[in-house]
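Trainee: Hi! Could you walk me through this one, please?
Mentor: Happy to, let's take a look together.

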Amino acid sequence: MQLKNTLIVVNDIELSKKFYKDLFGLDVILDNEGNVILTGGLVLQDATIWADFLNSQIIHYNNASELYFEEKNIEEFAIALDNSPYEIKYVNRLMTHSWGQKVIRFYDPDGNLIEVGTP
């Protein structure tokens, strides 16, 4: 068995495609009516499809999982994030852990938690 993708639920597929392209450089591999596969194995699914499939309510900002990215030039990324056209809701701005790793944590437009850290 092999893990192939990670799926996150989004309210606005077009906004999410742009967000992940602009900030992370992820490109669309497949766009199929509310289901989008991006490079890196990230899948975006429209919230209405997901809610219908589960027959359950979507809980945004649930802090139950996190997308983790690594970036060598994290200071530059932090500046780009601050200067982006997106309204970024931070968990923490650029900080350094006691073991020396620098990280930023914030939410995507739909409340999916993202961490960007140095390798």
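**A hairpin, a core and a glutamine**

Mentor: This is a predicted model. In it, β3 and β4 make a hairpin with three residues between them, and G40 in that turn has a positive phi of about 90°.

Trainee: Which way do β3 and β4 run, and how many bridges join them?
Mentor: They run antiparallel, with three bridges. N35, for instance, has Q45 as its bridge partner in β4.

Trainee: And how do β1 and β4 pair?
Mentor: Those two are parallel, over five bridges. There, L7 sits opposite V43 of β4.

Trainee: Is β4 mostly covered or mostly uncovered?
Mentor: Mostly covered: five of its five residues are buried. L42, L44 and D46 point one way, while V43 and Q45 point the other way.

Trainee: New topic! How many residues are in the largest nonpolar core?
Mentor: It has 25 residues, and F19, Y20, F24, L44, F106 and I114 have the most contacts inside it. Several elements supply at least two residues each, including β1, β4 and α3. The most comes from α1, which gives five.

Trainee: What does F19 touch?
Mentor: Leaving out residues up to four places away in sequence, its contacts include F24, F106 and I114.

Trainee: Where is Q101?
Mentor: Q101 is in the loop between β6 and β7.

Trainee: Why does Q101 count as buried?
Mentor: Because its relative accessibility is 15%, and buried means under 20%.

Trainee: What does the Q101 side chain make a polar contact with?
Mentor: The side chain of Y68, at 3.0 Å. A polar atom of the Q101 side chain also lies 2.9 Å from the backbone oxygen of T118.

Note on methods
Residues are numbered from 1 along each chain as its sequence is written. This is a predicted model: local features need pLDDT of at least 70, side-chain atom pairs count only at pLDDT 80 or more; totals for chains, interfaces and linings use all residues. Side-chain values use heavy atoms; hydrogens and water are left out. Helices (H or I, at least four residues) and strands (E, at least two) are DSSP runs, numbered from the N terminus. Buried means under 20% relative accessible area, exposed over 50%, partly exposed in between (1.4 Å probe, protein chains only). A polar contact is a pair of N or O atoms within 3.5 Å; within protein, one must be able to donate a hydrogen and the other to accept it, and residues adjacent in sequence count only if both atoms are side-chain atoms. A nonpolar core is a set of buried Ala, Val, Leu, Ile, Met, Phe, Trp, Tyr and Cys residues joined through side-chain atoms within 4.5 Å. Contact means heavy atoms within 4.5 Å. Two strands pair if DSSP finds at least two bridges between them.
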